[in-house]
Amino acid sequence: MQLTAENLACERGGRTVFSHQNFSLGSGELLQLTGPNGSGKSSLLRLLASLGEPSHGKISLAGGAADLNPGQQAHYISHSDASKSALTVTENLKFWRDFLGGGDLDGALSAVNLAPLADYPVALLSAGQKRRLALARLALVPRAVWLLDEPGVGLDEASLKLLVALMSRHLKAGGLIVAATHVPLGVKADKNLHLDGKAQA
Amino acid sequence: MTLLFALLRRDLILAARQGGGVGTALGFFLTVLVLLPIGIGPDQITLQRLAPGILWITLLLSVLLSADRIFQQDFEDGSLEVMAMAPASLELVALTKAMAHWLSTSLPLSIAAPFLGILLNLRSEIIWPLTLAMVLGSFALSLLASIGASLTLNLRRGGLLISILVLPLYVPVLVFGMSATTGNPEVIAPSLLILAAITLTSLVLAPIAAAAALRAYLK
C-alpha cells in the first residue's frame, strides 16, 4: 500500500497554510509531521482524511479499495474524542464498531486498558481516559491508514506505552501512520515532514 | 444498512437519556396549549375554530425548538468527522439523523397533539384526519429542520436563525395540513396526498441539502 501526496497545497480562509508538499509513504512506515502551531499539521491530516479538498495537488492511496476514498480507509484521531458522555464506554465503542464496519470490541478495550471501566458512563471518565477511548477506535476497526493528531496529549506514562504498542503492532502488520506531534512518540519515524509555517506563494 | 441502524439506535438512546430536546419540545407544546385557552378566553366556538391552526403552529415551533440538536452535538464532539469517513454517504447519515429526530420528537408530538386538542375544544370528527396529517407532515418538518440545523452548525444560539431559514419551507406543510382538517370530507384525501408528496419530496431533497452544508462545515 502506498499513500502519496503530490505538490499538495492547502488554503484556509484565503490564507495559504502550506504549499508544494510532497511525500510518499509505504506499508509499515510512519511519517512524523512536525512544525510550529498553525503551520498546517492538522490541516494536512484533514486533507488526508478526505475531509477537505486540497487547493492544489493530489492525494492518492494505491493498493487500497478502489471504491473508497483515502479517508474511508483511514482512522483520524483529532483533538476531539468523538464520544458521547451519556453513553457508557462499551456503548460508544459498539456504535463505532457497527458504524465503521466491525471489529473486536474486547480486544480494543484491553488494548487501551479500559476493560475495567467498560460499563462506566463516559461523563465520569477523566480527560486521559476519554483520550484512550478515542484511541480505542484504532484497535477496534481495522483500517490501513492511521492519521493521528497529537495522539499522546493527556496520556500518562503507562497509557503512552499502550499507544506505542498499538502503533508498533499496526506498523508491523503493514499499516501506515501519519502522526502530527510536538513531542517524540517513542516509535521510530521512518520519514519526517517539517512544515515551517512559511508557505511559499 | 446495519451502520445506519446503529446510528438511528444511538440517536434514539441519546434522545431518551439526555431528554433535553424532546423534553423541552414537549413542555413547550403543553405550556402553549394550556395557556392559549386562558389567553383567548372561554368562548368555546372561537377556540374550536382556532384549534387546528393553533395545534399546527405549536407543532411547527416545537419541532424547530429542538432542531439545532440534530447535528450540533455530533459536530462539536468530532463524531461528525468520523461519520464522514465511514463507508456510508453523508446524505444517508443526514437522512438517518433527521429520521431519529422525527421518531424522538416530531412523531410523539404529532400523535399527542390532536388529543391535547381537547383542551381547545377540538371537534371530535377531525381528530383522526388531524392525527394522520400531522404524522405525515411531521416527517417533512423534521427533514426540513435538518436543512436549517446543518446550515447553522457552528453558530451558538443558531436556533433563531434556523427558524428564519426553515419557517418559509414549512408554509406548504401548514397550508395542506390545515386543509386536511377543515372538516370538509371532500378535501381530506387530496390534502393528505399532497402532504405525502411534500414529505416524499423533502425525503429526497433535504438529505442532499443537509449533507452539502455539512461537507462545507467539515472542510
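## Chain A: its sheet and its side facing chain B

In this predicted model, 22 residues of chain A are in contact with 20 residues of chain B (contact: C-beta atoms, placed from the backbone, within 7 Å). Strand E5 (74-77) and helix H2 (89-100) of chain A each supply at least two residues of the side touching chain B; helices (H or I, at least four residues) and strands (E, at least two) are DSSP runs, numbered from the N terminus. H2(A) gives the largest share of that side, four residues.

| Class | Members | Residues on the side touching chain B |
|---|---|---|
| nonpolar | Ala, Val, Leu, Ile, Met, Phe, Trp, Tyr, Cys, Pro | eleven residues |
| polar | the others, Gly among them | eight residues |

Chain A has an open sheet of three strands, ordered E2-E1-E4 with antiparallel pairing (strands pair if DSSP finds at least two bridges between them). Strand E2 (15-26) and strand E4 (56-62) of chain A sit at the edges, each pairing on one side only. On average, neighbouring strands are turned by 15° against each other, direction ignored; axes are lines fitted to C-alpha atoms, for helices over the stretch in contact, and angles run from 0 to 180 degrees between N-to-C directions.

Strand E1 (residues 2-12) of chain A runs antiparallel to E2(A), joined by eight bridges, and A:Leu8 stands opposite A:Gln21 in E2(A). Helix H1 (residues 41-48) of chain A packs on the sheet, touching E1, E2 and E4 of chain A, and its direction makes about 125° with that of E1(A).

A word on conventions: residues are numbered from 1 along each chain as its sequence is written, with chains lettered from A and ligands numbered from 1 in the order in which they are written. Local features need pLDDT of at least 70, side-chain atom pairs count only at pLDDT 80 or more, and totals for chains, interfaces and linings use all residues.

Conventions
Two residues are in contact if their C-beta atoms, placed from the backbone, lie within 7 Å.
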